[in-house]
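Please examine the sequence and the three-dimensional structure shown below. The report that follows describes selected features in turn.

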Amino acid sequence: MIDIQGVSVRYGNHQILDDISFQLDDDEIVCVLGPNGSGKTTLLKTILNLVPFSGEILINGQSVKKYPRKTLAKEVALLSQHQVVQRGYTVQDIVLMGRFRYQQTGLFNGYSKVDFDYVDTLLADLGLWELKEQEVVKLSGGQKQLVFLAKIMAQNPRLLLLDEPSNHLDIKYQLEMIAFLKQWRDQRESGILGVFHDVNLALHLSDHLLMLKEGRILAKGSFSEIGTITNFQTLYETQLVEYYLASLEKWQQLLK
Ligand SMILES: Nc1ncnc2c1ncn2[C@@H]1O[C@H](COP(=O)(O)OP(=O)(O)OP(=O)(O)O)[C@@H](O)[C@H]1O
């Protein structure tokens, strides 16, 4: 369980997160919605202790600031928006890197059969099997996105932090990814905190939504609790939201 208590982040004089508090259960999926620059990415980075913050973040009762890096990587993994990969690495190479946290301390002696089997299963489940030996720099944006998702899943963390994971994915892959993430949660009871600009996908995936505006929580709850026109209009500062929500309802009916 993640317990975020009064977390604030500043960059210079700029307040990016302001007194954020919420909890995320081990098997809960929360999707964060908010306009550009509202602090969504910063929130994910802060949970991994990559950004200086005030307040407290407890992971299974222990402060994130006290976790050794390697132990933290078994608890929480982040899929960033921007991934850089050098030439020469195959899909299998990149996903195997997610298993690094499971190697014995000291000199790295290579991956075990357990690691290779773990990666093979992930590649098959994510539809990447055919690409296993391909060089990652030569893949499409969507294929790369799935490879990096597989890499963080190879860490076998108890919480996935996903920063706009549906970027670059076509509709088929988006729906398959959502189904895969739900299956992942159901089988492993791992929580997911995902940032989405696509409200429709966020609704489809999440148990709860967290609306973030100017670094503060505007609302948190299920769509039926907080998905009001007023909240969406306040969040995105547009009157057109009424039409958008009407089209969302049609999508939700189709996806049922
Ligand atoms: N390293 C940094 N130094 C200074 N300011 C930063 C830094 N990183 C982010 N910011 C600022 O913090 C604010 C929040 O950024 P953040 O990336 O968290 O927003 P976001 O909600 O994820 O945005 P988007 O939807 O556009 O990805 C922005 O004003 C951004 O300019």
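Leaving aside its neighbours within four places in sequence, with which residues is Phe 196 in contact? The residues are Cys 31, Leu 33, Glu 164, Ser 166, Leu 201 and Ala 202; two residues are in contact if their C-beta atoms, placed from the backbone, lie within 7 Å. This is a predicted model, in which local features need pLDDT of at least 70 and side-chain atom pairs count only at pLDDT 80 or more, while totals for chains, interfaces and linings use all residues. Residues are numbered from 1 along each chain as its sequence is written.

Phe 196 lies in the loop between β8 (191-195) and α7 (199-205). Helices (H or I, at least four residues) and strands (E, at least two) are DSSP runs, numbered from the N terminus. Phe 196 is buried because 24 other C-beta atoms lie within 10 Å. A residue is buried if 20 or more other C-beta atoms lie within 10 Å of its own, exposed if 12 or fewer, and partly exposed in between, with C-beta atoms placed from the backbone.

**The nonpolar core**

A nonpolar core is a set of buried Ala, Val, Leu, Ile, Met, Phe, Trp, Tyr and Cys residues joined through C-beta atoms within 7 Å. The largest such core has 67 residues, and Ala 150 and Leu 161 touch the most other members. Helix α5 (residues 141-154) gives the largest share of this core, seven residues. Not counting residues up to four places away in sequence, Ala 150 touches Val 95, Leu 122, Leu 123, Leu 126 and Leu 128.

**Two packed helices**

Helix α4 (residues 113-125) packs against α5 at an angle of about 140°, and their axes are 10 Å apart. Axes are lines fitted to C-alpha atoms, for helices over the stretch in contact, and angles run from 0 to 180 degrees between N-to-C directions. The two helices α4 and α5 are therefore oblique to each other; angles under 35 degrees count as roughly parallel, over 145 as roughly antiparallel, 65 to 115 as roughly perpendicular and the rest as oblique. Tyr 118, Val 119, Leu 122 and Leu 123 of α4 meet Ala 150, Met 153 and Ala 154 of α5 in this contact.
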